[in-house]
Amino acid sequence: MHKLSLIIEPKSTFQATSLTSVLSKDHISDLARTNGAIVRERLFSLSDYLLNAANLMCSSTKKSEFTLCSLHDSYNRLNPEKSMSHKCIHKQLQNEKTLDVMKSLLSEIMTLPSASSFIKKIKKALPENLSKLLKQLKVNDIILIDGTEIDLSYSCANNFYCKGKGRPHLDGTTARPGLKLHIAFSMVKQTFEYFEITEAVGSERACVYPEKFKNTLIIADRGYIDEELEQRIADSGNFFLIRGRNNTTGIINSAYSDSGEELSNLIDKTIKDLPLTTNADLTIKTTKGNNLRVVIRHHNKDEESETRSVLRTNIPKDRLCARQIYLLYRIRWSIELFNKANKQSSCLQSINSANKNIILLFILLSLMVSFIKTYLGHKARINNKIEWLSMLKLHNLNFGFNKLFQSLQNKGLSTVYQIVKELLDDIALYCKRSKPSNRDSVLFKDLPMLLWQIVNTNRPHAKSA
């Protein structure tokens, strides 16, 4: 049995014309025939099934209702005269070629924000402080890399390379086998550039592909990047910013305070030798002989203990100072919100099946729904000149997306266009970002406020940097 590694990214050879054309029943049927999933659609219509499943993912679907039985019953209600047994539908979904159709469909949809005309509109309408930050960094985008676990049923353990259980749950329930979804999230596009699905115990570092990017900043947790990968990122013409360990090895070559004063007393020491309360912008020589910039910041974790952040980067000092680096790492909260929104509002969970192809099919369907929400969110934001939309509000606007998928199943093109127009109006009306709570402001969990803090931080004099 091979290890699971499913990577989905935009299809380079596909030129999408519109979302409605990619999601049309005719196009999905063509994909099904091309991939050999369906020869004739006399009984089972894969296009109807996939659009209907996406529709249910945009309904008020409780976890207990998100089952194969309810999805099969809903499909059969579309055409009662052509209803099929659950066993026959199940057999169609188990087919590897059906999964190939879903892969192709999602890859094609992922090309939509990358169209040259649309990406120009996105960049022109970028929030002011995000645009300023990109200019300060002199990069095209900021890519956040992180993962989220998806629990499987216990019967799934024998169908995956990983036989072990996942992490214990915070609520005390027993750990279950799991998959892990690794996402490379674009701050410019506000959605994933690519993603990979592996077993929950798979290598995180193996899921980072810096060669896919050009002139970007990659921000990740320390589980995703080691020193060898840092070098690959630098060699590919990108920057990195990751959380390091308190015992990061290496000899300090230079050290500066926040005000730009040289801290000569720290030279030739190691990070673990420094007092816990030290704030400094360091250059160290690692044990592998690489020069590395390390920013350490002391902060109170709670009233009874203290801790510090150790951040490793190759961002030049003349672009961002130490405090800006420290604040910049907190942008990672955006990908946490993205994963939370998908799990809460787009049914990002495993279906009640032990079959690998069926489980992956529904995970990809959920991610397709998420991508469509973000794509139309961009359109609404650009059309209405809105600076910021709320990620959680956008993903929770299920009544509007529910109508969209319903119309794609049984309405004419003019009706679909009208529903898309109404949906864009609803997004502009209901999904604007509201004023953050005091807690989110203090903890820098409000993205607009965090970006304002970064670009308006006073920097030390250039000669001291």
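Tutor: The conversation below takes up these topics in turn. This is a predicted model, in which local features need pLDDT of at least 70 and side-chain atom pairs count only at pLDDT 80 or more, while totals for chains, interfaces and linings use all residues. Residues are numbered from 1 along each chain as its sequence is written, and side-chain values use heavy atoms, with hydrogens and water left out.

Student: At what angle do helix 12 and helix 14 pack?

Tutor: Helix 12 (residues 356-383) packs on helix 14 (residues 398-410) at about 105°, and their axes are 12 Å apart. Helices here are DSSP runs (H or I, at least four residues) and strands are runs of E of at least two, numbered from the N terminus. Axes are lines fitted to C-alpha atoms, for helices over the stretch in contact, with angles from 0 to 180 degrees between N-to-C directions.

Student: Parallel or perpendicular, then?

Tutor: Helix 12 and helix 14 are therefore roughly perpendicular, a term for angles of 65 to 115 degrees.

Student: Which residues meet there?

Tutor: From helix 12, Met-368, Val-369, Ile-372, Lys-373 and Leu-376 meet Asn-398, Phe-401, Leu-404 and Phe-405 of helix 14; contact means heavy atoms within 4.5 Å. These residues divide into 7 nonpolar, 1 polar and 1 charged. Ala, Val, Leu, Ile, Met, Phe, Trp, Tyr, Cys and Pro count as nonpolar, Asp, Glu, Lys and Arg as charged, and the others, Gly among them, as polar.

Student: Changing topic, how many cavities are there?

Tutor: There are 3 cavities of 30 Å³ or more. On a 1 Å grid over the protein atoms alone, a cavity is a set of points where a 1.4 Å probe fits but cannot get out; lining residues have an atom within 4 Å of a point. The largest cavity has a volume of about 310 Å³, volume being the space filled by probe spheres set on the points, which are joined across faces, edges and corners.

Student: What lines the largest cavity?

Tutor: It has 28 lining residues, and Gln-190, Trp-388, Leu-389, Met-391 and Arg-433 are the closest to its centre. Helix 12 gives the largest share of this lining, 4 residues. The lining of the largest cavity comprises 15 nonpolar, 6 polar and 7 charged residues.

Student: And Thr-198, buried or exposed?

Tutor: Thr-198 is buried, with a relative accessible area of 6%; buried means under 20% (1.4 Å probe, protein chains only). Thr-198 is placed in strand 4.

Student: Which residues does Thr-198 touch?

Tutor: Not counting residues up to four places away in sequence, Thr-198 touches Leu-4, Leu-179, Lys-180, His-182 and Cys-207. The C-alpha atoms of Thr-198 and Lys-180 are separated by 5.3 Å, although these residues are 18 residues apart along the chain.

Conventions:
Parallel < 35°, antiparallel > 145°, perpendicular 65-115°, else oblique. 1 Å grid on protein atoms, 1.4 Å probe; cavity = no way out; pocket = protein on both sides within 12 Å on 5 of 7 lines; lining within 4 Å. Buried < 20%, exposed > 50% of the residue type's maximum accessible area, 1.4 Å probe, protein only.
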